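Here are my notes on the model, as numbered points. Please read them with the coordinates open.

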Amino acid sequence: RSIITNNMNNMHQAIDLTKALNKDSDMTSREFDILKEISSVTGFISSRNIWRSKYWGKNLGASHWLGKYDKKDAVLKIQGVRPNVSEIYMIEEFSKQNKSILVGPPSILRSILWNDKNNYEAINAEHASGDKVVVDGKIATSENIATFLSYYKEYRQNCIPMKPWLPKPESNTNNLNMALDSLIATSFKAYPKSKLREEEDFALAKSAYSVLTTVYAKIELEFIHGHFSCKDLIYKNNDSKQVILFSNLFWKWRYPFFDAVFGYHWFMYELANVKDITPVQVDNQRKLWLDEIYKVTGAINSKRTRKLVNAALLERSVAGFIIDSFLCDPKKKISKYLYKSTKDEAQRLIKELR
């Protein structure tokens, strides 16, 4: 089975979105032809598109379709950008080692591995018909956030594999510096003329990464689910406490607590979609998330843990003001505030970590 496309020893992650964007990988023109072909081969009957995965609003990498397979509700994921490691393999490995009865990957009903002829991978999976654990794009309560992070705790205790299925890369500070250079280059590629970007951002980013280099000098990387977001945690159905964890292409090696702060990071930018939201409400939402993150990680009782959680928050804040906040509608006033408040967060975290 063609689970990998390169030497496994070099495959530390299945897909690098930055590289995919820089290569202009895009399946937009092929999407409907692929859907038609999969339907004829598998019998999947599509009803509507439910999600399109794009790189910072640009090229189409994957597409998700709701429909019927074997007379059951199912979701078809078409992966149109070639991964280094098959998501089918990632889901199988996750399933083998998963000890949780509450959190797990979707059950695969039918799959098509990538080959040079078809140039796509397809996964036909069970449909998670319930709500998201936290609905992003809406104001959340502390109870909503605590529930989301209770599933994070369950995942940390019972879903992290004893035997990672991707090899561990070296954790060195050169990689951090290269990561920042890549992030900045990607920002200009995706948003060459963003009205939010300011010249001072790059000095702030370098200052942040200088701090991260010190914090991470003797810290080991961890194998985690690298996309633990509000969009990826969905109840199996609305009568169940069981949750399906999606985006399993993104299992990877990261510094500690990246997975603890990832959902919060993206939730904040989705607040731009809340009608008439105010800066005060944004600040309140940030505080609720941070309070709950510090609680669930144990950062309120441990200086070392707080330092590592703050480092994870700082790394995400740099990604936020360098590129991720640019996804917000620049015509909305709140988008400017989301971008600016991310920089304020970076400055706060730098002070605390120094």
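1. **Ground rules.** This is a predicted model, in which local features need pLDDT of at least 70, side-chain atom pairs count only at pLDDT 80 or more, and totals for chains, interfaces and linings use all residues. Residues are numbered from 1 along each chain as its sequence is written, and side-chain values use heavy atoms, with hydrogens and water left out. Helices (H or I, at least four residues) and strands (E, at least two) are DSSP runs, numbered from the N terminus.

2. **The five-stranded sheet.** Five strands make an open sheet, ordered β1-β2-β3-β6-β5, with antiparallel pairing. Pairing requires that DSSP finds at least two bridges between two strands. Axes here are lines fitted to C-alpha atoms, for helices over the stretch in contact, and angles run from 0 to 180 degrees between N-to-C directions.

3. **The β2–β3 hairpin.** Strands β2 (residues 60–69) and β3 (residues 72–79) run antiparallel and are joined by eight bridges. Lys-68 sits opposite Asp-73 of β3. The hairpin has two residues between its strands, and Asp-70 in the turn shows a positive phi of about 55°.

4. Is β3 enclosed or open to the outside? It is largely enclosed by the rest of the structure, because six of its eight residues are buried. Buried means under 20% relative accessible area, exposed over 50%, and partly exposed in between (1.4 Å probe, protein chains only). β3 also pairs with β6, in the antiparallel sense, over six bridges. Ile-78 has Ala-122 of β6 as its bridge partner.

5. **Helix α3 on this sheet.** α3 lies across β3, β5 and β6 (121–126). Its direction is at about 40° to β6.

6. **The three-stranded sheet.** A further open sheet has three strands in the order β4-β9-β8, and its pairing is mixed. β4 (103–104) and β8 (233–235) are the edge strands, each pairing on one side only. β4 runs parallel to β9 (residues 243–245), with two bridges between them. Val-103 has Val-243 as its bridge partner in β9. Helix α4 (residues 142–158) packs on the sheet and touches β4, β8 and β9. The direction of α4 makes about 105° with that of β8.

7. **Ser-100.** This residue lies in the loop between α3 (87–97) and β4. Ser-100 is at 11% relative accessibility, so it counts as buried. Its contacts (heavy atoms within 4.5 Å) are Glu-154, Asn-158 and Cys-159, leaving aside neighbours within four places in sequence.

8. **Ser-194.** The loop between α5 (173–190) and α6 (201–215) holds Ser-194. With a relative accessible area of 17%, Ser-194 is buried. The Ser-194 side chain reaches the backbone nitrogen of Leu-196 at 3.2 Å.

9. **Cavities.** On a 1 Å grid over the protein atoms alone, a cavity is a set of points where a 1.4 Å probe fits but cannot get out, and a pocket is an open set with protein on both sides within 12 Å along at least five of seven lines; lining residues have an atom within 4 Å of a point. There are two cavities of 30 Å³ or more. The largest cavity holds about 110 Å³ of space. Its lining includes Tyr-264, His-265, Arg-286, Arg-316 and Glu-345. The elements giving two or more residues to that lining are α7 (258–270), α8 (279–297), α9 (303–322) and α10 (333–353). α7 gives the most, with four residues.

10. Of its 16 lining residues, Gly-104, Pro-105, Ser-107, Glu-126 and Ile-244 lie nearest its centre. α3, β4 and β9 are the elements that give two or more residues to the lining of this pocket.

Terms used. Grid points are joined across faces, edges and corners, and a volume is the space filled by probe spheres set on the points. A polar contact is a pair of N or O atoms within 3.5 Å; within protein, one must be able to donate a hydrogen and the other to accept it, and residues adjacent in sequence count only if both atoms are side-chain atoms.
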